[in-house]
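Me: Hi! Could you walk me through this structure in plain words?
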Amino acid sequence: MNIIVKPYGSDLCYCRPDTTWERENKDLYSHECVNEWHWTPILFARISKAGKCISPKFASRYYDGLNFGALLYIGGIQTAYASCADHTSVLPMPLYNPAVVESEGNIIEILKNGEPIFRSETDSLQAIEDAICKASELTSLRIGDFVAVELAPSALLTERKEGSLDFKATFCENEIFSFKIIF
C-alpha cells in the first residue's frame with residue numbers, strides 16, 4: 001500500500017511509505033531532533049481498482065471513498081526525509097461516499113488548539129480526480145493505495161518553543177481526527 005501525494009501547485013507526485021499512515025488518532029511524540037512541524041491539509045481517496053495512465057474521463061471509476069486529512073513534515077530538513085517520519089500521514093477512517101464530498105454546503109475545518117487554521121467548503125471532486133490521473137502517469141495504482149492532493153501550501157504548524165498542541169479536524173460537523181503533538 002502506497003500513499004501517493006500530489007503537492008500543492010505541482011503536477012508531479014511522490015510516494016510516502018505506509019509506515020507514515022496515522023490511523024488511530026494516537027498522540028505524536030516528537031523526537032528530540034525535531035524542532036518544528038509543518039503541515040498541509042489534504043483530500044484523499046482510496047483506490048478501488050488497479051490502473052495505469054488513467055484518463056480524466058474514467059478517473060471516478062478508480063476510487064470508492066474519500067476523506068480529508070493532513071500531512072505533517074519535519075521542519076528544517078530536506079523534503080524527502082521530512083515526509084517519511086512515522087505517523088505523519090493523517091488519513092482518518094471511515095471514508096465518505098464521493099456524493100457527500102461533492103454536496104454543497106459541507107465544510108472541512110482544521111483546528112490548532114481550538115482555533116481554525118484551515119476552512120473550506122467542498123463541492124467538487126475535480127482535484128482528487130486530477131491527482132489520480134497525474135499519479136497514474138508514472139505509478140501503477142493498486143487496490144488499497146491512497147492518492148492525496150494537498151489543498152494548500154505547506155505551512156508552519158508548531159515549534160518546540162510553543163510546546164504541545166491539540167490538532168483536530170471536522171467534516172460535516174463530525175470529528176474526523178483529534179490528537180496531540182507533544183514535544
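Me: Which residue stands opposite Lys-168 in strand 12?

Reply: That's Leu-111. Before we go on, this is a predicted model, where local features need pLDDT of at least 70 and side-chain atom pairs count only at pLDDT 80 or more, while totals for chains, interfaces and linings use all residues. Residues are numbered from 1 along each chain as its sequence is written, and side-chain values use heavy atoms, with hydrogens and water left out.

Me: How do strand 8 and strand 12 pair?

Reply: Strand 8 (residues 106-112) pairs with strand 12 in the antiparallel sense, over five bridges. Two strands count as paired if DSSP finds at least two bridges between them. Strands (E, at least two residues) and helices (H or I, at least four) are DSSP runs, numbered from the N terminus.

Me: What about strand 12 and strand 13, how many bridges there?

Reply: Seven bridges join them, and they run antiparallel. One example is Asp-166, whose bridge partner in strand 13 is Lys-180.

Me: Where does strand 4 come in?

Reply: Strand 4 (residues 28-29) pairs with strand 13 (residues 174-182) in the parallel sense, over two bridges. Tyr-29 has Ile-182 as its bridge partner in strand 13.

Me: And what's the order of the strands in the whole sheet?

Reply: The order is 4-13-12-8-9, an open sheet of five strands with mixed pairing. Strand 4 and strand 9 (115-122) are the edge strands, each pairing on one side only.

Me: New topic: how much space is in the largest pocket?

Reply: About 150 Å³. A pocket here is an open set of points on a 1 Å grid over the protein atoms alone, where a 1.4 Å probe fits, with protein on both sides within 12 Å along at least five of seven lines; lining residues have an atom within 4 Å of a point. The volume is the space filled by probe spheres set on the points, which are joined across faces, edges and corners.

Me: Which element gives the most to the lining?

Reply: Strand 9, with four residues. The lining residues include Phe-118, Ser-120 and Gln-126.

Me: Last one: which residues of helix 3 are buried?

Reply: Among them are Ile-128, Ile-132 and Cys-133, where buried means under 20% relative accessible area (1.4 Å probe, protein chains only).

Notes
Buried means under 20% relative accessible area, exposed over 50%, partly exposed in between (1.4 Å probe, protein chains only).
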